[in-house]
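Reader: I want to learn how to read a model feature by feature. Please show me the structure, then take me through it.

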Amino acid sequence: MSKYALYCNQRYIYYGGQIDINKTSHFNSLKDIKKTLIDYHQDIEEEEHKLLYKMEAVEIANMFDWSIEKIKESK
């Protein structure tokens, strides 16, 4: 099963990296990442914020200059 990490290329914020794989800060799905990105970017115009719900996680990440990293879970 894969897990995901999220990195902001502008602010150098990193969530769920390889060293965090056994902690709760990683993401189990792109749906989790989408929710986080929508919550994080609440400061944009209301109409634009509503449009985020119609987009995919990768689209939102690209729009705000985030990178999504796929991490294979070690067993």
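**Reading the model**

Author: Start with burial. Of the 75 residues in the protein chain, 33% are buried. Buried means under 20% relative accessible area, exposed means over 50%, and partly exposed lies in between (1.4 Å probe, protein chains only).

Reader: What kind of model is this, and how are residues numbered?

Author: This is a predicted model, in which local features need pLDDT of at least 70, side-chain atom pairs count only at pLDDT 80 or more, and totals for chains, interfaces and linings use all residues. Residues are numbered from 1 along each chain as its sequence is written, and side-chain values use heavy atoms, with hydrogens and water left out.

Reader: How many helices and strands does the protein chain have?

Author: Elements are DSSP runs, numbered from the N terminus: helices are H or I with at least four residues, strands are E with at least two. Here the protein chain has three helices and three strands. Their order from the N terminus is β-β-α-α-α-β.

Reader: What share of contacts joins residues at least 24 apart?

Author: A contact means heavy atoms within 4.5 Å. Take the contacts in the protein chain between residues at least 6 apart in sequence: 58% join residues at least 24 apart.

Reader: Is Ala5 buried or exposed?

Author: Ala5 counts as buried because its relative accessibility is 1%. Ala5 belongs to strand β1, residues 2–8. Now look along the sequence. Ile71 is 66 residues from Ala5, yet their C-alpha atoms are 7.2 Å apart in space.

Reader: Now salt bridges. How many are there?

Author: Side chains of opposite charge can pair when their charged atoms come close. The rule for a salt bridge is a side-chain nitrogen of Lys or Arg within 4 Å of a carboxyl oxygen of Asp or Glu. By this rule there are three salt bridges.

Reader: Which residue pairs with Lys35?

Author: Asp39 does, with an N to O distance of 3.0 Å. Lys35 and Asp39 sit four residues apart in helix α1 (residues 30–40), so about one helical turn separates them. Lys35 is exposed, because its relative accessibility is 54%. Asp39 is partly exposed at 36%.

Reader: Which residues pair with Lys50?

Author: Take Glu46 to begin with. Its side chain meets that of Lys50 in a salt bridge at 3.6 Å, N to O. Glu46 and Lys50 are four residues apart in helix α2 (residues 46–52), so they are separated by about one helical turn. Glu46 is exposed at 57% relative accessible area, while Lys50 is partly exposed at 43%.

Then take Glu47. Glu47 also bridges to Lys50, with the closest N and O atoms 3.8 Å apart. Glu47 and Lys50 are three residues apart in helix α2, again about one helical turn. Glu47 is exposed, with a relative accessible area of 55%. Shared partners join Glu46, Glu47 and Lys50 into one network.

Reader: Is His49 buried or exposed?

Author: His49 is buried, because its relative accessible area is 12%. His49 is found in helix α2. Setting aside residues up to four places away in sequence, His49 touches Ile38, His41, Gln42 and Ile44.
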